[in-house]
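Please look over the sequence and the model below before reading on.

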Amino acid sequence: MAASSVGQGTVDFGTSNEADMKERKQEWAELKDSPQDSGDIQTNQYSSISPPSSPVGLEEPFSTYFEEKVHIPENANQVFSFRKLWAFTGPGFLMSIAYLDPGNIESDLQSGAKAGFKLLWVLLGATVIGLLLQRLAARLGVVTGMHLAEVCNRQYPTVPRIILWLMVELAIIGSDMQEVIGCAIALNLLSVGRIPLWAGVLITITDTFVFLFLDKYGLRKLEAFFGFLITVMAISFGYEYVLVKPDQGEVLKGMFVPYCAGCGPVQLEQAVGIVGAVIMPHNIYLHSALVKSREVDRRNQKEVKEANKYFFIESSIALFVSFLINVFVVAVFAQAFYNKTNMDVNVECNATSIPHKDLFPLNNETLEVDIYKGGVVLGCFFGPAALYIWAIGILAAGQSSTMTGTYSGQFVMEGFLNLRWSRFARVLLTRSIAITPTLLVAVFQDVQHLTGMNDFLNVLQSMQLPFALIPILTFTSLTSIMNDFANGLAWKICGGVLVLLVCAINMYFVVVYVATLNSVPLYLLAALLCIAYLCFVGYLVWHCLVALGVSCLDFGSRMGLVRHTDIYLLTDMNADGWSER
């Protein structure tokens, strides 16, 4: 049985006594027998989360990003309002930055160089799947008034909760390393090699701390700053697109014809890499938290429904913009560098004044590019301006994603561990955890040899995906948490299929990577880790299936109550009825 304290936001599984059990059984019986008003949504006090009213009611015990909340204008009897959409605009664009981080940009350029335009439909499909999963994250935050990490803290037992937190932290560290190193590479390119990788990392850390406190000047100003960085990316990569002049017919064909003629294992691995780069685990946690920055009366069903609608529209627009930017990058490298060899690039670079010509050996092997070599290649073929504008775009991508990654780290740590530290202490801790391994890599790795580490980081993040996707599907499917906004049967089936598909694709990516290790001790280590990993994923899947209504897997409640799929996972949380005003 679980005992909880709503005021403190903590849950202690296994600490209740017999008196508590009797008292709760009596309350449960009274709840079942008590009449409900006709306008209220019935809730189960053993399982539901009380939706705090806004702006009064349950106040946040501490704040990160939420020191002010954006007021939503009133527009009575209006189906759609641009003023309201503008008020809700912000969280979706911050979320979309994860779709534009340096890891994604590198995946895009490699896709273009290795497969031409043939995998654009994979990018489109991955973005649509990402939108559907982000919709679940936003709905959880709007309906419950809590983000995913907080809900996990309340709903899972202590040991699984700690393991889940560690897995998500690993994903954030992996993503952060790519983002910070992306910034450092951009600074190295802009300075023509004068700023080494480790110095670029230190500069990125410093300016990230500065930018993170922009919300002291107002939440909307912070969101506007992120909008500015997205605009810089759009202009930078859009310039490259106009400069290269890709074949528009091939772009449309690659985007809407789901076929890859003449593709082999290299293209298949690249397609899997696209899905893994686009759908990132910590972004689910981030989006469920960002939506709390708007004033929504969560006791008013009409306002909650309206907030869900506008957040979905805003997320759709934001991800459409991010998709276009990704298409710019894929198309540039597909048009200019598909089927190019190292010899072709070497000859072209020798005819220019661009440095780093030694990156491309004199052989006929297919060109291998990353965000560093990609900038050099652009400079060789299209002039120094193309190189520097590319570097500016990478710098904007790395800086913006580093900042949102820091927010993710804060939300995850605060939610899972229920921290009550000062804002600066929390930022310092979450930054230190993510930055320390990045700095070590920057000191001991050369800027020209980071591709192998990037592959490892992509695998690391792919392995963490189930630890975001399974919980979000679980909790948004429970009526005891979501009330009338719980996933319907169609969403449960589609969500389950999408989660299974994404996890299977990413596990294939992991298997392919492990197969290249060529070391028996590493194989044994991977096998042991795989067993432990699958056991924990199986535990989460079991709970998820119970939440989805597979009652045969519900082997009985911890609380000694009758079987009920809505209360099996959940703890005792007081709930008030909702009213539709």
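Predicted model: local features only at pLDDT ≥ 70, side-chain atom pairs only at ≥ 80, totals over all residues.

Residues are numbered from 1 along each chain as its sequence is written, and side-chain values use heavy atoms, with hydrogens and water left out.

The protein has 22 helices and 2 strands. Helices (H or I, at least four residues) and strands (E, at least two) are DSSP runs, numbered from the N terminus. Of the 581 residues, 57% count as buried; buried means under 20% relative accessible area, exposed over 50%, and partly exposed in between, with a 1.4 Å probe and protein chains only. Among contacts (heavy atoms within 4.5 Å) between residues at least 6 apart in sequence, 81% join residues at least 24 apart.

Helix 12 (residues 281-290) is mostly covered, with 10 of its 10 residues buried. Among them are His-282, Tyr-285 and His-287. In helix 14 (residues 342-350), the residues Asn-342, Val-345, Asn-346 and Cys-349 are buried. These four lie on the same side of helix 14 because they cover an arc of only 100 degrees around the axis; the arc is that of the directions from the helix axis to the C-beta atoms. The buried residues of helix 14 pack against helix 15 (371-382).

Two packed helices are described by the angle between their axes and the distance between the axes. Axes are lines fitted to C-alpha atoms, for helices over the stretch in contact, and angles run from 0 to 180 degrees between N-to-C directions.

| Helix pair | Axes come within | Crossing angle |
|---|---|---|
| Helix 4 (residues 102-115) and helix 16 (residues 384-417) | 9 Å | roughly 140 degrees |
| Helix 19 (residues 466-476) and helix 21 (residues 489-515) | 10 Å | roughly 175 degrees |

Helix 4 and helix 16 are therefore oblique to each other. Their contact includes Ile-105 and Leu-109 of helix 4 and Trp-390 and Ile-394 of helix 16. Helix 19 and helix 21 are therefore roughly antiparallel. Angles under 35 degrees count as roughly parallel, over 145 as roughly antiparallel, 65 to 115 as roughly perpendicular and the rest as oblique.
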